[in-house]
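Here are some short notes to read alongside the structure. Please look at the picture before going through the points.

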Amino acid sequence: MQGLVRFIDDFIHNEQGLTAVEYALAGALVASSLASAFIGLGSGVSNNITEFAALIEMSEPADNGNNGNNGNNGNNCNNGNNGNNGNSCIE
């Protein structure tokens, strides 16, 4: 009987394995916190993308006006930065 009492007393006062348990609990807490944060963040990002896609679908197309830097304006040498010079571009 004294052997059993001594074993239980030694088991209660043994702190050698306690740090491993504490690290395991801390790791589980961090992992669950990260998982819940990513789930919440993922839902928010998904909602933003859905709203953005709806805005794009609702927007009207742009006019066929000036083509900007890549445009060609024909034969009057008034071209964009990457356009082709016209046929009568004499300087």
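**Notes on the start of the chain and its surface**

1. Met1 sits in the segment that comes before α1. This is a predicted model. Met1 counts as exposed because its relative accessible area is 79%, and the cut-off for exposed is over 50%.

2. Helix α1 covers residues 2-13, twelve residues in total. From its first C-alpha to its last it reaches 16 Å, close to the expected 16 Å.

3. Is α1 buried or in the open? The number of buried residues among its twelve is zero, so α1 lies largely in the open.

4. A nonpolar patch on the surface is formed by Met1, Leu4, Val5, Phe7, Ile8, Phe11 and Ile12. Together these residues have about 850 Å² of accessible area. In an α-helix there are 3.6 residues a turn, so residues three or four places apart point the same way.

5. For the protein chain as a whole, there are two helices and zero strands. Buried residues are 4% of its 91 residues. Its accessible surface is about 8,300 Å², and 57% of that belongs to carbon and sulfur atoms.

Note on methods. Residues are numbered from 1 along each chain as its sequence is written. This is a predicted model: local features need pLDDT of at least 70, side-chain atom pairs count only at pLDDT 80 or more; totals for chains, interfaces and linings use all residues. Side-chain values use heavy atoms; hydrogens and water are left out. Helices (H or I, at least four residues) and strands (E, at least two) are DSSP runs, numbered from the N terminus. The expected span of a helix is 1.5 Å times one less than its number of residues. Buried means under 20% relative accessible area, exposed over 50%, partly exposed in between (1.4 Å probe, protein chains only). Accessible areas come from the Shrake-Rupley method with a 1.4 Å probe; for residues, only the protein chains shown count as cover. Patches are made of residues with over 30% relative accessible area and no salt bridge: like charges are joined within 9 Å, nonpolar side chains (Val, Leu, Ile, Met, Phe, Trp, Tyr) within 5 Å. A salt bridge is a side-chain nitrogen of Lys or Arg within 4 Å of a carboxyl oxygen of Asp or Glu.
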